[in-house]
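Subject: Structure handover

Hello,

Here is the structure I promised to pass on. Please open it first, then read my notes below.

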Amino acid sequence: MHALPRRTALLGALAMPFLARAAAAQSPVTLRLANYKAGDNLLLRLAGQAEGAPYRAEWAEFGSGNLMVEAVNAGSLDLAYGSEIPPAFAAASGAKIKVVAVIRGDVNEQVVLVPKDSPIRTITDLKGKRVGYVRATTTHYYLNRMLGEVGLSFADIRPVNLTPSDGLAAFRNGALDTWAIYGYSVPVARQEGARVLRNAAGILSGNYLFFAAPAALENPGKRAAIAEHLRRVNRAFRWQDTHVPELAAAQSALLGVPEPVIRSVLENVSQPRRLTPPDDAAVASHQAVADEFVRLGLLPAGVQVAPLWDRSFGGTLELGA
């Protein structure tokens, strides 16, 4: 790809076109949307899906799905997304959210890492070891499942709950024997010599959930705007399939992560991202996640996630190409 077109695309993505701003300003509907840094806001602009939207988008940046659940429940967000785990905790706490769509996404970047020269070769070898993870996230879930498969539990390891940034520092300085982690921390650590002990393929479903505020779904204008927004997100996902270099360059500029590192993540996905309406399999997968956290003692027995799901909304999405 020539440098000039990519630079043009990047500059266009980082500054919303004037016509799009003007159209949004005239819209009577405002959607308050959650965004991870260099996430959907950037992707929609790069893919040309932010222009001409029949609603005004107000983006707020978050670092985790559990904070997004809190914001939706508090009434300060209309739509957000994250793994299956924050909404499972929402089901137990009575948080006011409704799951409206499912992202079928990647699990290859959800891994257990060990230092390059580590003698650890299998999950069984984790017994008695210092294992970093992030509590009440996908890492907590798949690490527990991996341990259970070999007859171990959290009681058999020395678990260390750390944020991703603190985990990277601890892993680098030798304070951890093993690190269960996700996202761009994985290729960064691998570039520095870390070895993947196992990834979460076959354990994680690859489902990430869009959840909305019930009040927004009860407002006809916002409900229609959310449906249109999700259709645009799905078209942006399809654009990403053939435009990885542009996306990697733009994310690199915003995240300060080397472009080759980002490309290695985007090019090594277990499945391309797609948006789908809710179905029985997605609800069952979500319930299985909740049940696992019940067994861990982090959720109360009997928690049910099905009441969170709004299938009537999902049926109106018509998510095609």
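**The sheet**

Five strands, in the order E7-E6-E8-E5-E9, make up an open sheet with mixed pairing. Strand E7 (158–161) and strand E9 (195–199) are the edges; each has a single partner strand, so one side of each has no neighbour in the sheet. On average, neighbouring strands here are turned by 25° against each other, direction ignored.

Some terms and the source. Strands (E, at least two residues) and helices (H or I, at least four) are DSSP runs, numbered from the N terminus. Two strands pair if DSSP finds at least two bridges between them. The model is predicted: local features need pLDDT of at least 70, side-chain atom pairs count only at pLDDT 80 or more, and totals for chains, interfaces and linings use all residues. Residues are numbered from 1 along each chain as its sequence is written, and side-chain values use heavy atoms, with hydrogens and water left out.

Now one pairing in detail. Strand E6 (residues 130–133) and strand E8 (residues 178–181) run parallel and are joined by 2 bridges. Opposite Val131 stands Thr178 in E8.

**Helices on the sheet**

Helix H6 (residues 138–149) lies across E5 (111–114), E6, E8 and E9. H6 runs at about 125° to E8. Helix H7 (residues 164–172) also packs on the sheet and touches E5 and E8. The direction of H7 makes about 155° with that of E8. Contact means heavy atoms within 4.5 Å. Axes are lines fitted to C-alpha atoms, for helices over the stretch in contact; angles run from 0 to 180 degrees between N-to-C directions.

**Aromatic pairs**

Rings of Phe, Tyr and Trp (its six-membered ring) pair if their centres lie within 6.5 Å; planes under 30 degrees apart are stacked, over 60 edge-to-face, the rest tilted. The count comes to 6 aromatic pairs.

Phe89 and Phe293 form an edge-to-face pair, 5.5 Å centre to centre, with 70° between the planes. Phe89 lies in helix H5 (residues 85–93) and Phe293 in helix H13 (residues 280–295), so this pair ties together parts 204 residues apart in sequence. Phe89 is partly exposed, at 23% relative accessible area. Phe293 is buried, at 0%. (Buried is under 20%, exposed over 50%, partly exposed in between; 1.4 Å probe, protein chains only.)

Tyr133 and Phe154 have ring centres 5.3 Å apart and planes at 75°, so they too are edge-to-face. Tyr133 is in strand E6, Phe154 in the loop between H6 and E7. Both Tyr133 and Phe154 are buried.

Finally, Tyr36, Tyr81 and Phe210 form one aromatic cluster.

Best wishes
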